[in-house]
Amino acid sequence: MAAMFVRLRIGKRRCGGYALAMPHTLLDDMFHMPLPILEKLLRPVIVYLVLVVLLRVFGKRELAQLNPFDLVVLLSLSNTVQNAIIGDDNSVTGGVIGAFGLLAINWLVVRTLFHSPRLTRMLEGRSTVLMSNGQVDKKALERESLTVEELTNIIHRQGFETLDKVRLVQLEPNGSFYVEAVEPSPIARQHAEILARLDALTATVAEIRDQGLGIRDQAERP
């Protein structure tokens, strides 16, 4: 009986020791980094810069996501560079440092581009005119790897039925499309009419005011 009591006390001590050791082990697994801090900072910076260059070289099509293949490329690209960014590290500390590295390099690049328009044009590129004065630029479409069918789908998304109703189509550096109609839209026409009426009303008020000033000056003369 005494031996059983001793075993129970030893078992309780061991369980208590495990219970005390578990929080330490858990925190160590969560926050211990197998990689140096400098490497954790350099990995996202290098991957970020490489992706910027690659997207600049391969054009703006991937950013526009014109078809499912472009979407697959972007999704696969993010999954491909994930291990290159985090390395052999699943710790919370490593994730926080990696996120800080990405945000820091993005902030630095944005601030640099803000103060340097020339560097902005160099990295982001210029707008590509795909259609001007109702004429499709086939060389521009080929340069951006776009087909006439994809251009037609683009103008359909903007609310136009056919290409002959569009005067200008531009592919912006961020992958968006600027579409300008041959004739202004009803909202644009209404806006122009309102501005014209305001100008006419302002001119009428100014004319009435000048007439009133003239009448007052004549009345004040002796």
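Glutamate 39 and arginine 43 form a salt bridge, their closest N and O atoms being 3.0 Å apart, where a salt bridge is a side-chain nitrogen of Lys or Arg within 4 Å of a carboxyl oxygen of Asp or Glu. Both residues lie in helix α2, 4 residues apart, which is about one turn of the helix; helices here are DSSP runs of H or I with at least four residues, strands are runs of E with at least two, and both are numbered from the N terminus. Glutamate 39 counts as partly exposed at 28% relative accessibility, and arginine 43 also counts as partly exposed, at 25%, given that buried means under 20% relative accessible area, exposed over 50%, and partly exposed in between (1.4 Å probe, protein chains only).

The model is a predicted one, in which local features need pLDDT of at least 70 and side-chain atom pairs count only at pLDDT 80 or more, while totals for chains, interfaces and linings use all residues. Residues are numbered from 1 along each chain as its sequence is written, and side-chain values use heavy atoms, with hydrogens and water left out.

By the salt-bridge rule the count comes to 3. Side chains of opposite charge can pair when their charged atoms come close. Another of these pairs joins lysine 165 and glutamate 161, at 3.5 Å from N to O; lysine 165 is partly exposed, with a relative accessible area of 41%, whereas glutamate 161 counts as exposed at 58%. Arginine 167 and glutamate 180 form a further salt bridge, with their closest N and O atoms 2.5 Å apart. Arginine 167 belongs to strand β3 and glutamate 180 to strand β4 (residues 177-181), so this pair ties together parts that are 13 residues apart in sequence. Arginine 167 is partly exposed with a relative accessible area of 29%, and glutamate 180 is partly exposed with 24%.

That last pair leads into the sheet. Strands of a sheet pair through backbone hydrogen bonds, either parallel or antiparallel. In this model an open sheet of 4 strands has the order β2-β1-β3-β4, with antiparallel pairing, two strands being taken as paired if DSSP finds at least two bridges between them. The edge strands are β2 and β4, each of which pairs on one side only. Strand β1 (residues 128-132) is joined to strand β3 (residues 166-171) by 4 bridges, and the two run antiparallel; within this pairing, threonine 128 has leucine 171 as its bridge partner in β3, and methionine 131 stands opposite valine 169. Towards β2 (residues 135-136), β1 is joined by 2 bridges, again with antiparallel strands, and there the bridge partner of methionine 131 is valine 136. The hairpin of β1 and β2 has 2 residues between the strands, and in it asparagine 133 takes a positive phi near 55 degrees.

Across the whole chain there are 10 helices and 4 strands, and read along the sequence they follow the pattern α-α-α-α-α-α-α-β-β-α-α-β-β-α. Of the 222 residues, 22% count as buried. Among contacts (heavy atoms within 4.5 Å) between residues at least 6 apart in sequence, 62% join residues at least 24 apart.

Leaving aside its neighbours within four places in sequence, alanine 64 is in contact with Gly175 and Phe177. The C-alpha atoms of alanine 64 and asparagine 174 are separated by 7.7 Å, although the two residues are 110 residues apart along the chain.

On the surface, Leu38, Leu42, Ile46, Val50, Val53, Leu54, Val57 and Phe58 form a nonpolar patch with about 780 Å² of accessible area together. Patches are made of residues with over 30% relative accessible area and no salt bridge, like charges being joined within 9 Å and nonpolar side chains (Val, Leu, Ile, Met, Phe, Trp, Tyr) within 5 Å. Isoleucine 46, one of the patch residues, is found in helix α2 (residues 37-57). The chain exposes about 16600 Å², of which carbon and sulfur atoms supply 64%; accessible areas come from the Shrake-Rupley method with a 1.4 Å probe, and for residues only the protein chains shown count as cover.

Confidence is given by pLDDT, the predictor's confidence in each residue, from 0 to 100. The chain averages 76, and 75% of the residues score at least 70. Over residues 2-21 pLDDT stays under 50, and for these residues the model has 0 contacts beyond four places in sequence.
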